[in-house]
Amino acid sequence: MTLLQLDHVQRVFNPNTSHPVAALKDITFSVNQGEYVAIMGESGAGKSTLLNIIATLDQASSGAAILNGQDLGRLNKDDAARYRREHLGFVFQHFNLLDSLSNRDNIYLPLVLTRCDPAEMDRRVTPLAHRLRIAKVIDRFPAEISGGQQQRVAIARALITQPDLLLADEPTGALDSNTSNEILDLFADVNHQGQTILMVTHSAAAASHAQRTLFIKDGRIFHELFRGDLAMTD
Ligand code: ADP
Ligand code: ADP
């Protein structure tokens, strides 16, 4: 079943000026429920622009982005914010944890914003913390744990709302290669348990963990690889 569908998406910045920038020229692809897809490209290729449209932070100039039947271009600002909270999980390069909150409260934050019952938060966090191997550090603060642990806490924060789609923006960009591999293995585990993942990266090593990689350049997808194809070239 298709979860995400982009249909001839274009995004032009500064359209009515002498310097319009066509950041996305013609992007068509779909992601099925349960898939783990990477989008790979060099700096300036259009990755952030694409991710922002899927994240309901920006809208296509033309074409459509549809997630779980919802046309994202039809959401106004308030609806988009609610949609984001209820349906999407985010993992960033720099973790973006709040230093003033314990790891546990960082993980609870998206649920607090949806006025979730505290008992339900506790019920959800225990298995998640075990799965992500952060149970022992959950009542410490972000500054007291390693970068790899901080990213695990950030992944827990992204998953606690049980999002339709987990969006990861260069999630291993701030980690050494051993820790990166641990985090990438974790994404694969999370995916095997049914979570749909879309990861944006300029790292071939990171992309090679996904089931499928779309290569983007100059606002267009120019190639698609399945993990089986990559393994043969490793
Ligand atoms: P990537 O994430 O792959 O590095 P971006 O999506 O950030 O690429 O950028 C794609 C192109 O769009 C680049 O040429 C960039 O300069 C341009 N761009 C991105 N955001 C804006 C903006 N807000 N205004 C004008 N141009 C932009
Ligand atoms: P990266 O995007 O490379 O993973 P960061 O998360 O630190 O690294 O963000 C890089 C840039 O993107 C920063 O300038 C930040 O302000 C911006 N940014 C990150 N997350 C968001 C977001 N959810 N909404 C808007 N801008 C964001």
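Which polar backbone atom lies 2.6 Å from an oxygen atom of ligand 1? The atom belongs to Gly44. This report describes a predicted model, in which local features need pLDDT of at least 70, side-chain atom pairs count only at pLDDT 80 or more, and totals for chains, interfaces and linings use all residues. Residues are numbered from 1 along each chain as its sequence is written, chains are lettered from A and ligands numbered from 1 in the order in which they are written, and side-chain values use heavy atoms, with hydrogens and water left out.

**Ligand 1**

The shell around ligand 1 consists of Phe13, Asn14, Val21, Ala23, Glu42, Ser43, Gly44, Ala45, Gly46, Lys47, Ser48 and Thr49. A residue is near a molecule if one of its heavy atoms lies within 4 Å of it. By class, this shell holds four nonpolar, six polar and two charged residues. Ala, Val, Leu, Ile, Met, Phe, Trp, Tyr, Cys and Pro count as nonpolar, Asp, Glu, Lys and Arg as charged, and the others, Gly among them, as polar.

Strand S2 (21–32) and helix H1 (47–54) each supply at least two residues of the shell. H1 gives the most, with three residues. Helices (H or I, at least four residues) and strands (E, at least two) are DSSP runs, numbered from the N terminus.

The table lists polar contacts of both ligands; a polar contact is a pair of N or O atoms within 3.5 Å, and within protein one must be able to donate a hydrogen and the other to accept it, while residues adjacent in sequence count only if both atoms are side-chain atoms.

| Ligand atom | Protein atom | Distance |
|---|---|---|
| Oxygen of ligand 1 | Polar backbone atom of Gly44 | 2.6 Å |
| Oxygen of ligand 1 | Polar backbone atom of Ala45 | 3.1 Å |
| Oxygen of ligand 1 | Polar side-chain atom of Ser48 | 2.7 Å |
| Oxygen of ligand 2 | Polar side-chain atom of Gln93 | 2.7 Å |
| Oxygen of ligand 2 | Polar side-chain atom of Asp169 | 2.9 Å |

On its own, ligand 1 has 560 Å² of accessible area, and the protein covers 60% of that area. Accessible areas come from the Shrake-Rupley method with a 1.4 Å probe; for residues, only the protein chains shown count as cover.

**Helix H1**

H1 is mostly covered, with six of its eight residues buried. These are Lys47, Thr49, Leu50, Leu51, Ile53 and Ile54. Buried means under 20% relative accessible area, exposed over 50%, and partly exposed in between (1.4 Å probe, protein chains only).

**Ligand 2**

Around ligand 2 stand Leu57, Phe92, Gln93, His94, Asn96 and Asp169. The shell divides into two nonpolar residues, three polar and one charged.

Asn96 is found in the loop between S6 and H3. Its phi is positive, about 55 degrees, although Asn96 is not a glycine. Asn96 counts as partly exposed because its relative accessibility is 40%.

**The loop between H3 and H4**

Arg115 lies in this loop and has a positive phi near 55 degrees, again in a residue other than glycine. Arg115 is exposed because its relative accessible area is 77%. Asp117 has its place in the loop between H3 and H4 too. Is Asp117 exposed or partly exposed? At 46% relative accessibility, Asp117 counts as partly exposed.

**Pockets**

Rolling a probe the size of a water molecule over the atoms shows where empty space is left. On a 1 Å grid over the protein atoms alone, a pocket is an open set of points where a 1.4 Å probe fits, with protein on both sides within 12 Å along at least five of seven lines; lining residues have an atom within 4 Å of a point. Grid points are joined across faces, edges and corners, and a volume is the space filled by probe spheres set on the points.

The largest pocket holds about 350 Å³ of space. Its lining has 14 residues, and Arg85, Phe90, Pro110, Leu113 and Arg157 are the closest to its centre. Helix H2 (77–87), strand S6 (88–91), helix H3 (103–113) and helix H5 (147–159) each supply at least two lining residues. Eight residues of this lining are nonpolar, three polar and three charged.

The second largest pocket has a volume of about 270 Å³. Among its 16 lining residues, Leu128, Arg131, Leu159, Gln162 and Gln195 lie nearest its centre. Helix H4 (residues 118–131) gives the most to this lining, with five residues.
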